[in-house]
Every structure is written in structure tokens, then in C-alpha cells.
Amino acid sequence: MLRGCLQADLEPSKNDDASFVHLSSVISLPTASHGLTDEQKEFQKVAFDFAANEMAPHMAEWDQKEIFPVDTMRRAAQLGFGGIYVQPDVGGSGLSRLDTSVIFEALSTGCVSTTAYISIHNMCAWMIDTFGNAEQRERFCPDLCLMEKFASYCLTEPGSGSDAASLATSAVLKGDHYVLNGSKAFISGGGDTDVYVVMCRTGGKGPKGISCVVVEKGTPGLSFGKKERKMGWNSQPTRAVIFEDCAVPVANLLGLEGQGFNIAMRGLNGGRINIASCSLGAAHASVQLARDHLLVRKQFGETLSNNQFLQFKLAEMATQLVASRLLVREAAAALQDDRADAAALCAMAKLFATDQCFDICNQALQMHGGYGYLKDYAVQQFVRDIRVHQILEGIKISLHFWQNTSSNYRKSHENYRVYMAHRRIP
């Protein structure tokens with residue numbers, strides 16, 4: 001079995017076969033720790049070790065039985081991975097966006113689906129930490145950072161996917177409560193999680209009428225749809241989240257009324273880097289799996305590693321991986337420094353890395369031949385789990401937000417519609 005055998009970088013393991021020489025020359029490239037500080041290398045190693053020992057051996061079972069691995073995630077939280085970029089005064093690790101990207105890439109080599117949920121949970125915890133008041137931060141963040149409680153992000157609706165500003169879930173102020181009505185679609189963790197960060201409409205049409213509230217599981221009027229059957233991401237449940245006269249205390253409003261769309265977009269800038277980082281982990285693992293398969297699989301009397309065409313393809317895959325990693329880490333650094341180009345770079349990194357990394361995983365499956373199509377081989381699961389990364393954390397949203405800030409909004413908005421229609425993103 002190839003599961004659980006991943007290394008912390010792309011350096012080939014020593015092999016007496018002569019093919020090792022050929023393939024090592026093809027994969028002579030910077031490792032995943034290239035350019036990192038000593039401290040970053042340390043927690044990267046911790047994440048790689050956790051992925052190899054606690055996640056990879058169970059990845060197939062979680063997928064096939066659709067297990068939400070709560071205990072494993074809580075062990076990850078004990079290492080500081082439950083609130084990576086949440087401030088330390090409420091239990092977070094207080095690390096940077098680049099640190100976070102490094103960690104999510106490493107964890108994803110063990111299970112993309114589980115790591116992707118952890119990244120969404122981290123985004124929700126950060127939103128409460130950043131936009132919540134002192135009472136809200138103290139009430140929610142410590143349990144979230146320990147993963148004693150789990151969080152879900154509720155933006156998408158049946159009628160408003162990437163066009164987030166048109167969301168229809170209403171929140172009407174009645175006394176000291178908001179009464180919510182509406183539904184959210186495709187919510188990761190829905191029904192199994194404890195805290196729901198919900199974007200809802202407290203005002204008029206458009207982004208300025210949107211606010212953000214925290215809804216706790218068990219609130220009367222909160223219910224969930226059936227568990228969705230998915231191609232991948234099976235270690236995290238996905239359901240609709242439904243609000244029917246759901247009364248939420250005004251004390252659960254994050255920030256100010258009308259600030260919700262800005263909170264959502266701020267969260268998604270980091271969310272795009274997180275998902276791109278999970279894609280890096282899948283591609284990282286898939287390159288290793290393809291390399292190892294070529295070293296042992298024989299056809300026409302010799303190992304496939306001696307085939308020059310496959311050597312070239314593996315070199316191209318490694319190049320795509322390194323280029324994607326560099327762009328994602330540049331975007332992470334830009335977001336951390338609050339640079340003017342941060343939103344654009346986050347969008348670019350998500351678009352480029354998710355496309356390139358899916359191509360890498362798909363090519364790795366192809367290199368396995370028929371074996372790659374079997375569920376005994378991890379590469380097929382990386383392909384299934386990573387495919388959704390090209391859909392979610394909408395690149396359409398980020399471009400919409402970016403173009404909204406330009407003085408030529410109307411012209412750029414039309415260009416954006418044509419561009420997204422060409423990409424055929426729903």
C-alpha cells in the first residue's frame with residue numbers, strides 16, 4: 001500500500017536500482033521547506049509527521065465510510081492547528097498566513113478532505129477573533145481553538161453562489177434578537193458542527209445590507225438538510241443549513257450591521273490561500289506517489305522510471321508544483337502584510353494553484369495506469385478530493401470584490417461576466 005509512506009519533501013529515497021539515478025536527476029528541485037525559517041521548518045515537520053502518522057493511515061476509511069474524524073482533529077488542535085492564525089490571548093497560535101499555508105500543505109499530504117475542513121474551521125475562528133468584541137472572543141474562540149467545538153461558514157445559498165451580494169437569508173430585528181429565515185447550501189460540517197458563522201440580510205439589497213451573526217447549534221428554528229453524497233471531501237459532512245424563525249441574540253452580531261459582506265470577503269481572501277495550500281499538499285503527495293510507482297513498475301523489461309517521456313512529464317509536474325507553491329506563499333505574505341495587491345494575489349494564487357495541482361494529481365493517476373483507478377491506491381482519492389477546490393472559495397467572488405473597488409466598475413464587471421462564463425464556473 002502506498003498510503004502513509006509520504007516523505008516531508010520531494011527528495012527521492014535511496015534505491016539500489018539504477019533507475020534511482022535517472023529519476024533523482026529529474027526531481028532535483030527545492031524541497032517544500034525551501035526558503036523557510038528554522039521555526040517554520042520545525043512546525044512544518046510536526047505537520048508532516050502528524051499527516052503521515054495520524055491521517056494517511058485512515059484516509060481511505062474516512063472516505064469510504066464517510067467518517068468525520070473528530071478525535072483526530074482534536075489531536076491536531078493540541079498541536080495548535082485549531083486556531084493557527086487566531087491571537088494567543090484567546091487560545092490561538094498567533095502564526096502568520098505563510099505559516100498557515102505551510103501547515104495546511106503538510107497536513108493535506110495525509111488527508112485533503114480533513115485538512116480542508118480544518119482550514120474552514122480556522123477561517124471561522126479567525127473571523128470571530130478579528131471582528132468579534134471582547135465578550136464574543138472569550139466566549140467562542142478558546143473552545144474553537146481546542147476544537148472542543150467545531151465551526152461552519154455559511155455564505156452560499158441555493159440562489160446565490162458566487163454572487164454572494166445577492167443572498168436572501170433575512171434577519172429581522174425584533175427586540176433583542178434577530179429572527180432569521182432562509183437557507184444556506186453546501187455547508188461543510190453542517191449538522192455536525194456547533195458554531196455557524198452566518199451571512200444574512202439585515203438591510204436593503206446589495207452588499208451594504210449584509211450582516212454577520214453567530215448561530216449556535218440547538219438554537220430553536222435551526223435545522224439541517226440531508227447529508228449530501230459527494231464525489232470527494234467525504235470525511236466532512238455537507239448539508240443545507242435552514243433557518244425558520246430562528247431567533248439569534250443581538251449579542252451574537254459580529255462587527256456592525258452592514259459589515260457582513262466585508263467580513264465575508266476578508267475571510268475568503270485567507271480562505272482562498274488555505275484551499276490553494278491544501279491543493280499543494282495533494283499535488284505534493286501525488287508527485288511522490290507517481291515517482292515511487294515509476295521506480296517499481298516494469299514494462300518492456302525495465303522500470304517506467306527509465307522512460308524519457310515519463311521523466312519529462314514528472315519534471316513538468318514538479319515544476320507546476322514549485323511554481324504554484326511560490327505564488328501561494330507570495331499571496332500569503334501579501335495578505336499578512338496587508339499589501340494593496342493582497343486580494344488580487346489571493347485570487348491569482350487560488351486560480352493558478354488549484355488548476356495546476358489538479359492537473360498534477362490527474363497526471364499522477366495516469367502514470368499509475370489501471371492501478372491508479374483502484375481505491376487501493378491513494379492517488380485516486382487525491383484526484384477526487386482536490387477537484388472541488390476549483391469550484392469552491394469562489395474565484396468569481398474575489399474578482400467581483402476586486403473589481404468593485406475600481407473606478408471602472410461597470411466596464412470591469414462586464415469583462416468579469418464574460419471571463420467567468422468562459423471558465424464555465426457556476
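A residue counts as buried when its relative accessible area is under 20%, and as partly exposed between that value and 50%. In this predicted model, Arg137 is at 15% relative accessibility and therefore counts as buried. The protein has 13 helices and 10 strands, and 57% of its 426 residues count as buried.

**Overall surface and contacts**
- The protein exposes about 17700 Å², of which carbon and sulfur atoms supply 52%.
- Among contacts with a separation of 6 or more, 74% involve residues 24 or more positions apart.

**Salt bridges**
- The whole structure contains 18 salt bridges.
- Within helix H2 (residues 38-55), Lys45 and Asp49 lie four residues apart, about one turn of the helix, and their side chains meet in a salt bridge at 2.8 Å, N to O.
- Lys45 is partly exposed at 48%, and Asp49 is partly exposed at 34%.
- In helix H7, Glu135 and Arg139 are likewise four residues apart; Glu135 is partly exposed at 43%, and Arg139 is partly exposed at 30%.
- Salt bridges that share partners join Asp89, Asp129 and Arg137 into one network.
- Asp129 pairs with Arg137, their closest N and O atoms being 2.7 Å apart, and Asp129 is buried with a relative accessible area of 6%.

**Leu146**
- Leu146 lies in the loop between helix H7 (134-145) and strand E1 (151-154) and is partly exposed at 48% relative accessibility.
- Beyond residues up to four places away in sequence, Leu146 touches Arg74 and Ala77.
- The C-alpha atoms of Leu146 and Gly80 are separated by 7.9 Å, although these residues are 66 residues apart along the chain.

Notes. Residues numbered from 1 in each chain as written. Predicted model: local features only at pLDDT ≥ 70, side-chain atom pairs only at ≥ 80, totals over all residues. Heavy atoms only, no water. Helix = DSSP H or I, 4+ residues; strand = E, 2+ residues; numbered from the N terminus. Buried < 20%, exposed > 50% of the residue type's maximum accessible area, 1.4 Å probe, protein only. Contact = heavy atoms within 4.5 Å. Areas by Shrake-Rupley, 256 points an atom, 1.4 Å probe, with all protein chains shown as cover. Salt bridge = Lys/Arg side-chain N within 4 Å of Asp/Glu carboxyl O.
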